[in-house]
Amino acid sequence: MALINITTPDFGGATLESDKATMDLPATEAGVVKEIKVKVGDKLSTGSLLMTLESKGAAKSAEEKPVKKAEEKPAEKGVEKPVKTSTPQVLIGDVQSTTDIHAGPGVRRFARELGVNISLIAGSGPKQRILKEDVQAFVKNQLSQVQTSSLPTLPAIDFSKFGAIEIQALSRIKKISGKNLQRNWMMIPHVTQFGDADITELENFRQAQKAEFEKQKIKLTPLVFVMKAVAASLKMFPTFNASLDSSGENLVIKKYIHIGVAVDTPDGLVVPVVRDVDKKGVAELAKELAELSEKARNKKLAPADMQGGCFSISSLGGIGGTAFTPIINYPEVAILGVSKSSYQPLYQQGEFIPRLMLPLSLSYDHRVIDGADGARFITHVGNMLADIRNLLL
Ligand code: CAO
């Protein structure tokens, strides 16, 4: 099914739309549309008359004589030209570069005038049609990036003036992740919310299960329980399981839960992604995590192993520290840092009792997530971990 869209009275052309593609149908001459000869539902074939057109500069008083056939010559005064139609198949073949782009001619012209490559814009209209507002939002977004990239650069310093030094090249991973970390740190307004989870019961359970899991060569660490708690919380708070689209005006909410886990390797940090965490049990997750971190440390991760994450977890719990401010892993909108658990005196029913507390640090993109939701999310993760029966629900 093809639709014809007439653009403006000051005629630049028409648009031919099929379900999959939109193509400009340029006029053979500039002018003003005098009469449109077709209406919605009309069946057209090659050579059908679409409209009469008065070319620019022609005398206003000129008598209009619509020309029926494309081959006919325009009248000398008040020239009227038919705009030829064609079958969509012929045009689609002719204009391959615009096949996947769904935008009207006015929007295309607007983008052209601004020098914007329309294929870089995500459309927010029906069937991803690119609207004028999408072009404006894209330009706004690009401009804000240009403004940020004109920040002053850091001065070079000769440290050898102050003492002996040695130059050590950064690893390839560090160079790549460094660029991404810097971009994310600069471009995303981060807020870090701290909290903790009482994992006393969880730890009792883990210790009770540990030997049994070891028989199957599975190392059961607190991290897999954190992954399950995060998966449950992402279901409860869908804006955490989302990304901003390229215009920065819409949220893409994901219906799957893939979680990236930061792995420390001798060459630097990598973040393999564990898929469908909500659908897997702790044993399966522990096995997969061990396989992925082994692959990471042996430089065997494929690009696909590190793609598609919805949220990341960075656990320094095996090392130490009390809290930190993790950097969001774009295009995700939040990341959870996990530090080392320790016994803390908790005041309960009139006395202090020792409870094993797990420190949590949640960084989130403040453009997407409000402080109240940040606090709710971290509290929910804490509640899930405090009573792991919640994870079964
Ligand atoms: N509190 C206390 N102990 C913890 C803990 C926590 N939060 N998390 C793990 N541990 C314990 C484990 O239980 C294990 O002890 P046991 O063998 O006695 O059970 C020990 O610490 C070592 O755990 P691990 O680090 O081998 O395993 P893990 O599942 O916790 O983590 C992995 C796996 C791959 C995430 C981890 O090895 C790693 O690379 N962490 C570093 C990530 C990183 O660098 N992040 C920084 C990003 S920001 O720059």
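The model is predicted, so local features need pLDDT of at least 70 and side-chain atom pairs count only at pLDDT 80 or more, while totals for chains, interfaces and linings use all residues. Residues are numbered from 1 along each chain as its sequence is written, and side-chain values use heavy atoms, with hydrogens and water left out.

I begin with the ligand. Around the ligand there are 23 residues, of which Thr 221, Asp 264, Arg 297, Ser 314 and Ser 341 come nearest; a residue is near if one of its heavy atoms lies within 4 Å of the molecule. This shell divides into 9 nonpolar, 8 polar and 6 charged residues. Here Ala, Val, Leu, Ile, Met, Phe, Trp, Tyr, Cys and Pro count as nonpolar, Asp, Glu, Lys and Arg as charged, and the others, Gly among them, as polar. Among the elements that each supply at least two shell residues are helix H5 (200-215), helix H7 (282-297) and strand E12 (311-315). Helices (H or I, at least four residues) and strands (E, at least two) are DSSP runs, numbered from the N terminus.

A polar backbone atom of Ser 315 is 3.1 Å from a ligand nitrogen atom, and a polar backbone atom of Ser 341 is 2.9 Å from a nitrogen atom of the ligand. Taken alone, the ligand exposes 960 Å², and the protein buries 73% of that; accessible areas come from the Shrake-Rupley method with a 1.4 Å probe, and for residues only the protein chains shown count as cover.

I turn now to individual residues. Is Phe 240 buried or exposed? With a relative accessible area of 0%, Phe 240 is buried, where buried means under 20%, exposed over 50% and partly exposed in between (1.4 Å probe, protein chains only). Phe 240 is in the loop between H6 and strand E6 (242-244). Its C-alpha atom is separated by 8.2 Å from that of Tyr 364, 124 residues apart along the chain.

Finally, the backbone. A cis peptide bond, with omega about 10°, joins Tyr 330 and Pro 331, and Pro 331 lies in the loop between E12 and strand E13 (334-338). Lys 299, in the loop between H7 and E12, has a positive phi near 55° although the residue is not glycine. Lys 299 counts as exposed, at 62% relative accessibility.

How values were computed:
Polar contact = N/O pair within 3.5 Å; in protein donor to acceptor, adjacent residues only side chain to side chain.
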